[in-house]
Amino acid sequence: MKEKLLLFNTLTRKIEEFKPIDPPNVRMYSCGPTVYWYQHIGNLRTYIFSDILKRTLIYNGFKVKHVMNVTDVGHLTSDADEGEDKVEKAAKKERKSVNEIVEYYWNIFKDDLTKLNIIPPDIWCKASEHIQDMINLIKMLEKKNYTYKTSDGIYFDTSKLKDYGKLARLKIEGLKPGKRIALGEKRNPTDFALWKFSEIPGKRQQEWQSPWGLGFPGWHIECSAMSMKYLGEHFDIHTGGIDHIPVHHTNEIAQSEAATGKRFVNYWLHGAFLVFKGKKVSKSEGGLFTLSELQAKGFHPIDYRYFVLTAHYRKPLEFSLEKLTNAKNSYERLKNIILEIEDDGKVNERYLKKFENAINNDLNIPKALIVLWNLVRDKDANGKYRTIQEIDKVLAIDLLKRQNIYVPKDIEEMLLKREQARKEKNWEVADKIREEIEKRGYLIDDTPSGPKIRKKDF
Ligand code: AMP
Ligand code: ZN
C-alpha cells in the first residue's frame, strides 16, 4: 500500500490529500506556452514541475489524462487587455506568417520537452483551432448576463460573481479605480475581455466572425473552453506558474464557474519562479537562456532537469551558470557511482518507502534526491539497482542510462596524460591526445576548474 498523496492546493492554501473525482482516472490541464518566442529555462522549470506531478500521479497508480494548450492568438503584451497580440507582433517583426511563427516555436518547445524527459500531454490543443468552442462559452455567459460590450470588445463583469478572486484572495475593495488603475470603459478594474474586436478589419492575420463582430478571443477564455472541452466542466488538477494566480487562473475560474454553475477545478498547483539575481527570469525582459543555449555551453539538458529538482517546486530557484555547473558535477558524480552498481534482482523496500514518503509529501523532490544519494552511498544496502530504477520513474534523470555522462576509463586515462603533457608544456603531445579523444567521440572543454569531458552529440 502506497502512502497517501498530499498536495498543496493554491485554492485553499493547504496541503490536502489528493482524491480524484473518478479514481483511478485523473484529469489534468497545464497552461502551455504562448508560442511567439523560445521558451526560456524559467518557463521550462514550470513544465518540469508539472511533469514531476504527473509522474508522481502515475507512480501512485493513477491514470492521467493530460491536456496542454498552445496559445497562438489573444495573449496581449499587457495583462490589462491592452497592447498588441504577442504572436501577431512576432510575425510582423520576423516578417513571417502567424502559422510559421507558431509551428517554429511550438516544435522547438516540443523538442525541449523531449530533451528534458518531460512526458508530452495526451492532448495538445491550439487556441486558433477552438474558436467556436470559445464563442459558445461566451454565448453562455452572455445568456446568464455576465457580459457587457465596450467599443473594443465583450467583457466579463466580475462584480456579478460573488467569489471572484478567491484563488488569489484578491481584495476587491482595494482595487477601486484611481490613478494607477485606468478603467476606460470597463465597469470594474478586474473585468476582462472575452472577445476583442479587430481594430482595423483585415489588418490582423488572425480574426474570426462572431455574434459580436470580427475579432479574436481573449487569452483566458481559451483555457476555459479547451480544458472543459477535453476534460469536462469539473476536473481534477490545473497547473501553471505562480504568475497565473492573480489574473489568468482567477479569470479562468470566474468564467468557467459562471457559465456552468459548477466548481471548475479541485486542485490548483503552481510552480515558483526561476530567478536570476533575485528577479523573475522573463522573456519580455530579454529572457535568460534557452535550453539550446545551455547545451551550446556544454550542459546536457538533464543537467538542467537535475538542477531544477534540487529545489522544491514552491520555492524560487536562483539560477546562475555556476550553480548549474555545481548541479552538473553532482549529477555526474551520482551517475558515475551508479554505473558501478549491479542488478541483484532485489528492491530495497526501506529506501523505496523513504522515497515514496518524500514524493507523496507535496512532491518533496529535494528530499527524494537525498534519499537517492543515501542509497547509493550506503555500503550495506542491497537492491540498489532496482530501487534506482523505481526512483527514476519519477525523477526521470536517466540514472541508469549508460550514456551521456559516462566516460570510459581509458579515455579518462588519456585525459590525465594530456594534463601531464600540458603541465610540461609539451603542447604537441597534448594536442595529439586531444585529437585521439575527439576521434573517440568526446570533446574536452578546458575550464578554470580543469578539463571537462563531454560527448560530442550534446
Ligand atoms: P508563457 O509562454 O509566457 O505563457 O509562459 C509559460 C509558462 O512559464 C507559464 O506557466 C508561466 O507561469 C511560466 N513562467 C514564466 N516565467 C517563469 C519563470 N521565470 N520561472 C518559472 N516559470 C515561469
Ligand atoms: Zn491557461
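Modeller: D445 is partly exposed, because its relative accessible area is 25%; buried means under 20%, exposed over 50%, and partly exposed in between, as computed with a 1.4 Å probe on protein chains only. The model is predicted, so local features need pLDDT of at least 70 and side-chain atom pairs count only at pLDDT 80 or more, while totals for chains, interfaces and linings use all residues. Residues are numbered from 1 along each chain as its sequence is written, chains are lettered from A and ligands numbered from 1 in the order in which they are written, and side-chain values use heavy atoms, with hydrogens and water left out.

D445 belongs to strand β15, residues 442-447. Helices (H or I, at least four residues) and strands (E, at least two) are DSSP runs, numbered from the N terminus. Not counting residues up to four places away in sequence, D445 touches G450, P451, K452 and R454, where contact means heavy atoms within 4.5 Å. F319 stands 126 residues away from D445 along the chain, and their C-alpha atoms are separated by 22 Å.

Leaving aside neighbours within four places in sequence, F355 is in contact with Y59, A368, V371, I391, V394 and L395. In soluble globular proteins, nonpolar side chains tend to be buried together.

Y304 and F307 are also among the buried residues of α8.

The structure holds 4 cavities of 30 Å³ or more. On a 1 Å grid over the protein atoms alone, a cavity is a set of points where a 1.4 Å probe fits but cannot get out, and a pocket is an open set with protein on both sides within 12 Å along at least five of seven lines; lining residues have an atom within 4 Å of a point. Grid points are joined across faces, edges and corners, and a volume is the space filled by probe spheres set on the points.

The largest cavity has about 120 Å³ of space. It is lined by 13 residues, and F49, V308, L309, A311 and Y313 are the closest to its centre. Both α1 and α8 give two or more residues to this lining, and the largest share, 4 residues, comes from α1. By class, the lining has 9 nonpolar, 3 polar and 1 charged residues; Ala, Val, Leu, Ile, Met, Phe, Trp, Tyr, Cys and Pro count as nonpolar, Asp, Glu, Lys and Arg as charged, and the others, Gly among them, as polar. The second largest cavity has about 90 Å³, and its lining includes H75, W219 and H220.

Helix α1 gives the most to its lining, with 4 residues, and α5 (219-231), β10 (235-241) and α6 (245-260) each supply at least two. The lining divides into 10 nonpolar, 17 polar and 5 charged residues.

Finally, the zinc ion (ligand 2) is coordinated by C31 (SG), C223 (SG) and H248 (NE2), at 2.0 to 2.2 Å. Donors are N, O and S atoms within 2.8 Å of the metal (3.2 Å for Na, K and Ca); water is not among the atoms, so sites may look incomplete. Along the chain, the donors follow the spacing C-x191-C-x24-H. C31 lies in the loop between β3 (25-30) and α1, and C223 in helix α5, so the pair ties together parts that are 192 residues apart in sequence. C31 counts as buried because its relative accessibility is 6%, and C223 counts as buried at 0%.
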